[in-house]
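Below is a briefing on one protein chain, covering its overall build and two of its residues. Please read it beside the sequence and the coordinates.

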Amino acid sequence: WVLGDAPGRHEWMLFAAVHLRSEASVRRVASLTREWARKHQEKAKRACVALAAIGSDIALMHLAHVSDTTRFDALRKHASALVLEAAESRGLTSEELGDRTVPDVGLDRDGTMTLSYGARRFVVSLDETLRPVVSLLVDGKPASPSHSLPRPSKSDDAEGVKVAREQFERLRADLEAVADRERRRLESAMANERSWTVTEFRTFFVDHPLLVHVARRLVWVVTHDGVARAFRVAEDRTFADANDATLDLVDGTVRMAHPASDPDLVGVWSRLLADYEILQPFEQLARATATIASSERGAKDLSRVAGIVVPARKTMGILESRGYRREDPGYVGAFVRDLRARDGSVCTVRLPLAPGFDIEGLSSAQDQTTQPATLVDSKGEPAAFGVLDAVSFSELVRDAEALRSR
């Protein structure tokens with residue numbers, strides 16, 4: 001069916017994989033969906049329905065990936081509606097569903113995988129970008145790290161080598177499918193100031209075989225009874241403060257630290273992570289920040305982000321990857337994004353472009369110039385930029401500055 005160009009009149013073959021499912025068939029449907037989401041909108045729509053019908057955590061994770069990354073606006077809305085429907089059926093928001101649909105990609109509870117060539121054994125861990133790192137076990141301790149399995153030798157067991165290499169290739173394929181999305185999802189959570197209860201934090205990050213590798217490389221803040229304390233997740237999954245003293249997490253809410261709201265943490269934690277040679281999965285402590293000027297607090301348009309000349313295709317690639325959406329699906333004249341006000345309400349920022357372009361003429365569209373941004377509050381009324389909290393204002397300016405660099 002696939003080799004025959006996946007005709008719609010025989011789509012029952014696709015949905016047979018839903019009813020006669022196996023790990024391999026789910027993996028295949030997910031792979032096809034992601035491939036078609038880049039090239040064939042109608043095929044991808046059918047495959048998205050199949051993933052939603054499968055409904056497993058890994059199927060929904062791939063469905064959410066399509067809704068986040070496809071360049072087809074109709075497909076994005078279609079996939080997003082399916083994700084929202086799946087979330088509502090579980091009584092969750094789409095963000096909460098994302099927390100619960102992260103696969104373990106076959107890793108053991110400690111976040112590693114052990115492979116055997118017979119006489120030689122290897123432990124596979126993950127680096128800051130969630131790439132596999134293979135280490136030979138010598139007297140039970142890892143040594144000689146590499147990003148690939150070594151070539152077999154004459155002393156190795158041929159069947160053991162075959163099984164080990166198949167497991168490793170499966171792991172690598174799964175990580176290629178999920179790693180980038182998970183890192184972007186968590187970076188977005190930091191920028192949007194999401195928080196979790198201590199119980200949720202332990203379940204979704206500390207005890208998760210995959211995401212614990214990300215959690216260990218970030219700085220977190222727990223707030224309880226109005227007191228905020230910064231901490232990190234140690235190798236043994238305990239919690240430590242900046243002095244490496246053990247911190248007990250009993251109650252409260254947990255969020256990722258952000259330099260715009262936690263500037264005092266940057267210096268000490270940057271030194272500590274450098275001492276431990278810990279690389280972060282995305283810009284956290286080294287993140288560029290911006291502070292609102294006194295003259296901008298009462299302003300209802302933000303000139304700071306205006307006058308940036310950028311290729312049309314690049315505006316879409318950068319802004320849509322950062323949570324912006326086109327104001328009009330067919331004609332791109334402005335991008336909008338929800339931001340957080342200091343009182344916790346949601347505001348919407350609008351970043352216009354000139355001269356604008358038709359989405360169908362993207363390949364020949366001329367360079368675009370950003371115009372002053374405007375803001376409306378939760379009631380749709382024009383608002384001054386001083387209502388935004390520090391993180392939201394900083395992220396807005398950072399997003400615009402990302403357009404400037406070529």
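The chain holds 13 helices and 16 strands, both taken as DSSP runs numbered from the N terminus (helices: H or I, at least four residues; strands: E, at least two). This is a predicted model, in which local features need pLDDT of at least 70 and side-chain atom pairs count only at pLDDT 80 or more, while totals for chains, interfaces and linings use all residues. Residues are numbered from 1 along each chain as its sequence is written, and side-chain values use heavy atoms, with hydrogens and water left out.

**Overall build**

- The C-alpha trace spans about 70 × 65 × 40 Å along its principal axes.
- Of the contacts (heavy atoms within 4.5 Å) with a separation of 6 or more, 63% are between residues 24 or more positions apart.

- Of the 406 residues, 47% are buried, meaning under 20% relative accessible area, against over 50% for exposed and in between for partly exposed (1.4 Å probe, protein chains only).

**Aspartate 262**

- Aspartate 262 sits in the loop between β9 (253-256) and α10 (265-275), and counts as buried because its relative accessibility is 12%.
- Beyond its neighbours within four places in sequence, aspartate 262 contacts Val221, Arg255 and Ala257.
- Its side chain makes a polar contact of 3.0 Å with the side chain of serine 261. Such a contact is a pair of N or O atoms within 3.5 Å; within protein, one must be able to donate a hydrogen and the other to accept it, and residues adjacent in sequence count only if both atoms are side-chain atoms.

**Histidine 208**

- Histidine 208 lies in the loop between α8 (198-206) and α9 (212-215), and is buried, with a relative accessible area of 11%.
- A polar atom of the histidine 208 side chain is 3.3 Å from the backbone nitrogen of leucine 211.
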